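Please look through the sequence and the model below before reading on. The paragraphs after them go through selected parts one at a time.

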Amino acid sequence: MEFEVQENQANNSIQGVINLQPQVNPVQAQHQEIPIKQTDLQVSSTLEESVAVTLLRDLRQIGVKLRCVLVPTMSTNNARELRNWDLWGPLVFCLMLALTLSMSGNNDDGPGIFATIFVLIWVGSFVVTLNAQLLGGKVSFFQSVCVLGYCVFPINLGALFTLFFSFFYLKMFLVIGCFLWSTYSAVGFMKLLIPEQKRILALYPVILFYLFLSWFALIV
Amino acid sequence: MEIGVQKQTDEEKQVQKGQFNKLNDSGDKRQTGYCGFLTVEYYTPYFNVTENDVIQRVKATFLPFRPDFLNITKDNPDLWGPIWINATLIFMITAIANLRQVDSEKENQSFDVGYVPQATALLYIIAFGTPAILAVVMKVLGVDLSFFQTICLYGYSMSTLLPITILCYFQNELFLWLIITYGVGNSILFLIFNLKEELDKLQIQKKYIIIAIVVTMQLSLYLFYKLVFFSYVSEGNVETTTTSASSEPKEPAN
């Protein structure tokens with residue numbers, strides 16, 4: 001949000017005056033000023049709204065992207081939505097997973113588990129994406145990190161389930177289901193971007209990544 | 001969100017520029033400049049393998065008496081194998097070491113997450129540090145093997161540890177030492193047979209220096225492996241030699 005404001009302030013020649021009226025200022029009636037005026041209107045309106053509205057908008061966008069990523073239909077709408085990557089979603093799910101696992105009763109090293117999961121998710125996404133790029137895939141770096149982070153959500157659900165149930169085989173069944181869901185979504189996204197012969201080489205790290213996280217969710 | 005889209009087109013432009021550079025100097029695999037090794041394009045030629053290649057190379061590891069490996073990989077050393085075989089090993093170590101502890105104590109199951117950073121450090125330092133040292137020594141002594149080929153050789157030799165880790169699940173001490181010995185033997189033979197062709201061009205003392213380095217590193221790796229991750233687990237007494245703060249020696253149940 002602040003990023004947008006700074007960008008517009010660099011282009012805007014009006015200093016310190018918030019122009020609320022959508023009409024063109026006669027002094028700067030040049031053709032290229034008009035788009036600036038429209039975003040200026042957006043900037044001023046987002047500056048004036050309450051914090052709750054801003055947060056809700058961000059949460060709604062996270063929700064929309066989550067639905068695109070996890071409901072595995074490959075429509076062009078999904079693809080366009082995913083091109084607007086953001087790292088808020090992955091951060092939220094990473095923190096949720098790390099907190100859930102470090103607070104469950106079964107262990108005496110909560111901070112260690114939190115740190116391990118946090119580092120594992122971010123370094124893991126980084127390395128998996130780098131691997132896909134090195135194999136020749138046309139993957140944009142942060143878009144891939146974003147999708148991998150969003151696909152951690154089913155494992156989050158799995159970790160929450162294991163908190164409430166205590167029968168081991170039921171837990172195992174649920175966590176395996178969540179692992180398959182995550183992997184299927186992530187693989188569905190990544191397999192389009194890798195050349196044919198190296199597909200398994202690029203997808204195996206994704207499977208390993210989610211397997212590792214699901215294992216943590218099951219055992220802790 | 002517009003900024004997000006803009007950033008991506010910048011990245012894509014950079015990737016296209018990198019590929020255009022590669023097309024220009026097509027005879028030269030590496031980027032010029034001192035910081036060339038920090039770019040993605042520097043390492044792309046080393047990922048030029050397919051699935052069948054990788055499977056073939058891993059299979060060659062288990063048959064050390066047929067030194068096909070170096071012939072296969074001389075022109076095309078790859079980095080995918082070393083990196084992801086070690087990552088798989090880290091996962092398996094964590095899984096199996098914890099499964100062993102879960103079985104021995106029913107009431108108070110504590111999960112030791114310290115294995116993950118320890119395993120990562122041990123495996124990646126050995127998988128990339130040993131070949132670095134070996135490559136330097138070999139360059140000094142006059143062997144014509146490049147750095148990446150040594151890394152490739154060492155990384156694939158780690159795949160002997162894959163079935164060993166799975167078998168380490170069993171609690172029988174004698175069995176564990178047996179398979180560790182098999183692992184040491186297999187990987188040392190694999191490394192030496194594959195280096196044999198290069199080493200035969202040297203004098204005797206230099207050859208033995210290199211062989212000694214190889215043997216020492218493999219022995220220490222396997223010893224560490226056994227003692228740190230899979231040490232003796234008895235009925236009521238979980239005894240580990242890990243240095244993580246969470247594990248404490250418990251009283252033997254009487």
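The model is predicted, with local features needing pLDDT of at least 70 and side-chain atom pairs counting only at pLDDT 80 or more, while totals for chains, interfaces and linings use all residues. Residues are numbered from 1 along each chain as its sequence is written, chains are lettered from A and ligands numbered from 1 in the order in which they are written, and side-chain values use heavy atoms, without hydrogens and water.

Chain B has 10 helices and 0 strands, where helices (H or I, at least four residues) and strands (E, at least two) are DSSP runs numbered from the N terminus. Of its 254 residues, 46% are buried, meaning under 20% relative accessible area, with exposed over 50% and partly exposed in between (1.4 Å probe, protein chains only). Among the contacts in chain B with a separation of 6 or more, 74% come from residues 24 or more positions apart; contact means heavy atoms within 4.5 Å.

Within chain B, helix H6 (residues 115-141) packs against helix H7 (residues 147-157) at an angle of about 135 degrees, with the axes 9 Å apart. Axes are lines fitted to C-alpha atoms, for helices over the stretch in contact, and angles run from 0 to 180 degrees between N-to-C directions. H6(B) and H7(B) are therefore oblique to each other: under 35 degrees counts as roughly parallel, over 145 as roughly antiparallel, 65 to 115 as roughly perpendicular, and the rest as oblique. The residues in this contact include Phe128(B) and Met138(B) of H6(B) and Phe147(B) and Tyr154(B) of H7(B). By class, the contact of H6(B) with H7(B) has 10 nonpolar, 2 polar and no charged residues (Ala, Val, Leu, Ile, Met, Phe, Trp, Tyr, Cys and Pro are nonpolar; Asp, Glu, Lys and Arg are charged; the others, Gly among them, are polar).

In chain A, the axes of helix H8 (residues 153-164) and H9(A) come within 8 Å and cross at roughly 170 degrees, which makes H8(A) roughly antiparallel to H9(A). Phe161(A) of H8(A) and Trp181(A) of H9(A) are among the residues making the contact. The residues of this contact divide into 8 nonpolar, 3 polar and 1 charged. The buried residues of H9(A) include Lys171(A), Val175(A) and Cys178(A).

Pro195(A) lies in the loop between H9 and helix H10 (199-219) of chain A. Its relative accessibility is 29%, so Pro195(A) counts as partly exposed. Leaving aside neighbours within four places in sequence, Pro195(A) is in contact with Leu135(A), Gly136(A) and Gly137(A).
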